[in-house]
Amino acid sequence: TEKVLMVATFGSKVIAARGTSIYSADPGGSSWTSIDSGRTSAGKYRFERYNFDTTDKLIVVDGANAPTVFNSSLTATDVSASSVLGAKYVVAFSDHMFYSGMSSTPQEIVFSTPFDEDNFTVAAGSGSFSVDNIITGMKVFRDNLFIFCESRIFKLTGSSIADFVVSDVTRDIGCINGDTIQEFAGDLIF
């Protein structure tokens with residue numbers, strides 16, 4: 001049997017992903033409905049809940065396929081930009097969607113325009129930047145986006161392309177497994 005690679009709650013549903021499909025079910029229910037299938041070579045599924053336009057959404061990345069957005073009706077829409085194809089990590093920060101962990105650009109972060117996870121028009125506020133280490137995870141904490149790498153940690157501050165600033169937190173320690181990054185007792189631990 002395949003093991004479940006992601007479980008999330010979204011609205012009144014439980015969302016689970018394994019293999020090539022993403023499913024939904026009612027809490028306590030015994031039947032699962034496929035809401036997205038046909039994914040290829042999917043790795044570990046990761047998700048982010050967000051609301052840019054008064055509609056709750058869930059975005060899912062799997063390290064191989066296009067990021068997929070589910071609206072409150074569980075309708076799936078793929079993010080179309082090739083620059084974020086195969087993203088392993090996704091996080092909403094300062095009303096932008098940030099993507100990283102693409103296999104061809106493991107040190108790059110690509111961010112969308114404000115309030116639109118699928119718009120990458122530079123003139124409208126999207127962009128990208130690179131750090132000098134392989135990214136292993138991202139976490140929003142206290143109005144900052146922390147970027148964890150294999151042997152370094154960076155922090156992004158600001159609210160738009162006009163004032164985003166990346167600075168070093170440390171160049172002496174990193175995070176091998178980004179899935180360990182958690183907020184605990186008012187601190188960020190990993």
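Okay, let's start with K57: its relative accessibility is 14%, so K57 counts as buried. Buried here means under 20% relative accessible area, exposed means over 50%, and partly exposed is in between, with a 1.4 Å probe and protein chains only.

Quick housekeeping: this is a predicted model, so local features need pLDDT of at least 70 and side-chain atom pairs count only at pLDDT 80 or more, while totals for chains, interfaces and linings use all residues. Residues are numbered from 1 along each chain as its sequence is written, and side-chain values use heavy atoms, with hydrogens and water left out.

Back to K57. What does K57 form a salt bridge with? With D53, and the closest N and O atoms are 3.6 Å apart. By salt bridge I mean a side-chain nitrogen of Lys or Arg within 4 Å of a carboxyl oxygen of Asp or Glu. D53 comes out partly exposed, at 39%.

There's also a network: D132, R152, D168 and R171 are joined into one by salt bridges that share partners.

Next, R39 and D36. Their side chains meet in a salt bridge at 2.6 Å, N to O. R39 is buried at 5%, and D36 is buried too, at 15%.

Now K13, which pairs with D26 in a salt bridge, closest N and O atoms 2.7 Å apart. This one links distant parts of the chain: K13 sits in strand β2 (residues 13-18), and D26 is in the loop between β3 (21-25) and β4 (33-36), 13 residues apart. Strands are DSSP runs of E, at least two residues, numbered from the N terminus. K13 is partly exposed at 26%, and D26 is partly exposed at 45%.

And the whole structure? The search finds ten salt bridges.

Methods
Helix = DSSP H or I, 4+ residues; strand = E, 2+ residues; numbered from the N terminus.
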